[in-house]
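This report describes selected parts of one protein structure. Please keep the sequence and the three-dimensional view at hand while reading.

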Amino acid sequence: MSADAYPPAPADTEAARAVLVGVDLGPGSSFDPTLDELALLAESAGDEPVARVIAKRKAPDPALFVGSGKADEIKLMVQAHAAHGVIFDQALSPAQQRNLERHLGVPVADRTALILEIFAARAKSHEGKLQVELARLQYLSTRLVRRWSHLERQRGGVGHRGGPGEAQIELDRRMIGDRIKSVKERLEKVKRQRGTQRRARERSGTYKVSLVGYTNAGKSTLFNAMVKARTYAADQLFATLDTTTRSLYLGEAGRSVSLSDTVGFIRDLPHKLVEAFQATLQEAADADLLLHVIDASSPVLQEQQAEVERVLEEIGAQGIPQILVFNKLDRIEPSHRPRVLHDELEVAPNVRVPRVFVSALTGEGLGKLRELIAAHAAPPALSSEPEAFTLPDGSVAPTPRH
């Protein structure tokens, strides 16, 4: 089906209406029966979710992912709501996407495309834009270029048409390959520059603290509250993409540390995006301490915490000391508030990490968090005991004082 056969795009003041689809593929697969997170992603991209469809299959249909019967049901839903597009919560193959577009008569996007689009709209720094472009090009290289428009429109909404003046939509695979090579080279240069900056910080003895966590856990709000910065913070997914670093003075430790706010993680974060954001995520991998920020009011906080730990392992940061920061204490009903706002949590057999409940919005608990960071950042105390050395007979004696 040609692009001309698609329903007309909404006016600029009207959000594109989208039907959301989630498929339960059984144990071992990621599935959100509410599709709430996909709805938030869609809204972050400028779309308006108008209907949700849930399917259950043992395995994806090779042609239509959901099978012909469910595809017909989705088509009726699209027609009933005059939807401009359909968004799937799972990744679609290029063939499945093309077949679904022909069958449904509207543009089809998957979770990967949606995340890439949000990242493309939010990246501000030169490095962030390069990283997003690389991930988009790698995604685009697997598709029939002239059929893909979801990533090439000027503003949010799956129904919009018209590219942002870029040439990618007209490039063939060879030209995309050349562009990928060029972007990788430029990113490598940025990576080297970051490495130089990190080595300078290491020579100066700077203690590095990085905020990590699931997207929309409140990292940027916490960052702003701690360093009195004005980093953009909003109640939406991926409000912050570019790493921001500020100096934080800790009177308790008698020193300053560098505090970095990093991109939020999310379930099923496209692997290509993880690869593309290695330079940014390197801030977390090179940190001396991680503040793992968790939305204490989320009904799926354990799943979100596990996903962050999985990505940390993927970037080689799983062994870095952590403080678990349970944020958004102000959103918890008084009857459900924890009795103790600071304790330790066993995250693995015989492995316990500090946990503190805070509200970045009201400031509650931030004093205790600063104390915990200071305890980690404080230089090791010099022992008042004399050093020991081994005598020729094998006995141990203290080193004489001079």
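Leu345 lies in strand β10, which spans residues 342-348; helices (H or I, at least four residues) and strands (E, at least two) are DSSP runs, numbered from the N terminus. The model is predicted: local features need pLDDT of at least 70, side-chain atom pairs count only at pLDDT 80 or more, and totals for chains, interfaces and linings use all residues. Residues are numbered from 1 along each chain as its sequence is written, and side-chain values use heavy atoms, with hydrogens and water left out.

Why does Leu345 count as partly exposed? The reason is its relative accessibility of 23%; buried means under 20% relative accessible area, exposed means over 50%, and partly exposed lies in between (1.4 Å probe, protein chains only). Not counting residues up to four places away in sequence, Leu345 touches Leu324, Val351, Arg352, Val353 and Arg355, where contact means heavy atoms within 4.5 Å. Leu324 is 21 residues away from Leu345 along the chain, and their C-alpha atoms are separated by 8.4 Å.

Strand β1 (residues 16-24) is mostly covered, with nine of its nine residues buried. Ala16, Ala18, Leu20, Gly22 and Asp24 point one way from β1, while Arg17, Val19, Val21 and Val23 point the other way.

β1 runs parallel to strand β2 (residues 47-56), and nine bridges join them; two strands pair if DSSP finds at least two bridges between them. In this pairing, Val19 stands opposite Ala51 of β2. From β1 the chain passes through helix α1 (residues 36-44) to β2, a right-handed β-α-β crossover. Right-handed here means that, with the strands pointing away from the viewer, the path from the first strand over the helix to the second runs clockwise. β1 also pairs with strand β3 (residues 85-88), in the parallel sense and over four bridges, and Val21 stands opposite Phe88 in β3.

## Nonpolar cores

A nonpolar core is a set of buried Ala, Val, Leu, Ile, Met, Phe, Trp, Tyr and Cys residues joined through side-chain atoms within 4.5 Å. Which residues have the most contacts inside the largest core? They are Leu290 and Leu312, in a core of 39 residues. Elements that each supply at least two residues of this core include β1, α1, α4 (111-122) and α10 (301-314). The largest share, six residues, comes from α4.

Leaving aside neighbours within four places in sequence, the contacts of Leu290 include Ser210, Val212, Leu312 and Ile323. A second, separate core has 27 residues, among them Leu222, Leu250, Leu366 and Ala377.
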